[in-house]
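Hello,

Please find the structure below, followed by notes on what was found in it.

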Amino acid sequence: MRILELFLLLSLTGFLICFFAQYLKIKKWLFYISIVFFVLHWLIEGIRWQMYLGYTTLLISIVLYYASNIKKIAKVSLVSLGLIITLISIVLCIIMPVIKFPEPSGTFSVGLESLYLEDKTREETLTKEKGDYRKLTINVYYPSDHEITKPIRYMDHGYAEAFVESKGMPAIIATHFDLTKTHTQKSLPIIKNKQLPIIILSHGLLWNSEMYTSIIEEIVSQGYVVFAIHHTYESFLSEYQGKRIKWSQKNIDDMNTEVDFGFVHEKMDLALNAKDKRGNTAAYELIQYLPYFESLDRWSNDISFVIDQLAVLNEDSSNFLYQKLNMNQVGLLGHSWGGAAVVQNASVNKKIKGVINMDGAQFGRVIDTTLKAPLLVMHADRDYDKFFTPNFYVYDQVVKNDYYLVTIKSTGHANFGDLGYWSKIHSLTETGEIDPDRMSYITNQLILTFFNKYVKQQPLEMKETFIQKEYPEIEIIKK
């Protein structure tokens, strides 16, 4: 809870309790203190829906203070109601907090610009509009030497509400997200006289790049430039030159149309339990059967197109990225569906120096390719004797360079992003019980160590770094 809203609710609670104890002078002062805390909270912190019941308690307190002729039974009822709803408000504030992201530890500030790119070689297949080509919005997060004075707000302008709506939840749940300030500012000057290593970020299906703020800010503060792609119609909400584009529900539905889930579960069980070649055969048949090739191809093509366009912008003297990019130092980072997409791209793109998959199931055509780029795979904490993922089978077959497999204890699928900060109710966010600040630290250390080694070519030992006592949550295997 924020400090002023805590003091407001505590002073209101004390005021109501005084009605039972008959401490008249204390009651008077607590009433006025509550009014002061409310005004300060409103002006400094900003109101949020979790406090609505607390604001109702304030109205009840005003009625009780000024209406002296209320009958005793009514007074007792109002006091009891006030205490109950104040307690509920405190609980809501705790389980749905105003997010506070960790301060980036690097030497650079984080600037933000947007790129709007259109691929004239690819028609958009997710709309019925003829002559509509694939359009992409890319958030460019870059290092700056200038101090941040006007940080942007987190998931502002209805983005947070759109996300919870995509999950079938009431939009009001996320209306308080714009109370969180990030460590990023739009249009800061980019650092001078230095070519920057490049990280391409691919989000999860029905997520978007802003949901990785805790990761992006740390990476950029260490001197990388992050190009975060919004995969149009498969991000929950993107914006292209002022036009808002929501996800395509039809596309999401079509991805699983006519799938025989009985067949799927049969192959999963066989892949998990067969101790001979039948298990590998079942995994291969399952990968080939599931209808995910088109989407992953589209995302991989998005990544290749963006990288090609960056090479053009790097030579464009009118662009703020002019001669700022080291096109020989390109890494890929993806989560969930984006994790599968970046590995698929790295398997066909020789420009990639290292690729990280954060808990993405590797369906699609990677199984029929060869991956020569170093690979880091982070997995959530599951019982993999009972939970099928194609990753163990696919990567053992196709990876021809260094391959690190990391499992992080007490994590869920959505911990590889910001959702751990959203709520203390882990079932609501598909997160594990790991502390979100600790998760951010571990994830960022893994990402930076890997990219420093393979993208920047620094002499680091990946596995040896993370088997130290400082990282008891990590199980890391190098293959």
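Val 36, Val 39, Leu 40, Trp 42, Leu 43, Ile 44, Ile 47, Tyr 52 and Ile 172 make a nonpolar surface patch of about 870 Å² in this predicted model. Patches take residues with over 30% relative accessible area and no salt bridge, joining like charges within 9 Å and nonpolar side chains (Val, Leu, Ile, Met, Phe, Trp, Tyr) within 5 Å. A salt bridge is a side-chain nitrogen of Lys or Arg within 4 Å of a carboxyl oxygen of Asp or Glu. Accessible areas follow the Shrake-Rupley method with a 1.4 Å probe, and for residues only the protein chains shown count as cover.

With six residues, helix H2 (residues 24-45) gives the most to the nonpolar patch. Helices (H or I, at least four residues) and strands (E, at least two) are DSSP runs numbered from the N terminus. Tyr 52 lies in helix H3 (residues 52-66) and is partly exposed, at 43% relative accessible area; buried is under 20%, exposed over 50%, and partly exposed in between (1.4 Å probe, protein chains only).

Next, the backbone. Most residues other than glycine have a negative phi. Gln 241 has a positive phi, near 50°. Gln 241 sits in the loop between strand S6 (237-240) and strand S7 (243-246) and is exposed, at 57% relative accessibility. The phi of Ser 336 is also positive, near 60°. Ser 336 belongs to the loop between strand S8 (325-335) and helix H11 (337-348), and is buried, at 17% relative accessibility.

Residues are numbered from 1 along each chain as its sequence is written, and side-chain values use heavy atoms, leaving out hydrogens and water. As the model is predicted, local features need pLDDT of at least 70 and side-chain atom pairs count only at pLDDT 80 or more, while totals for chains, interfaces and linings use all residues.

Regards
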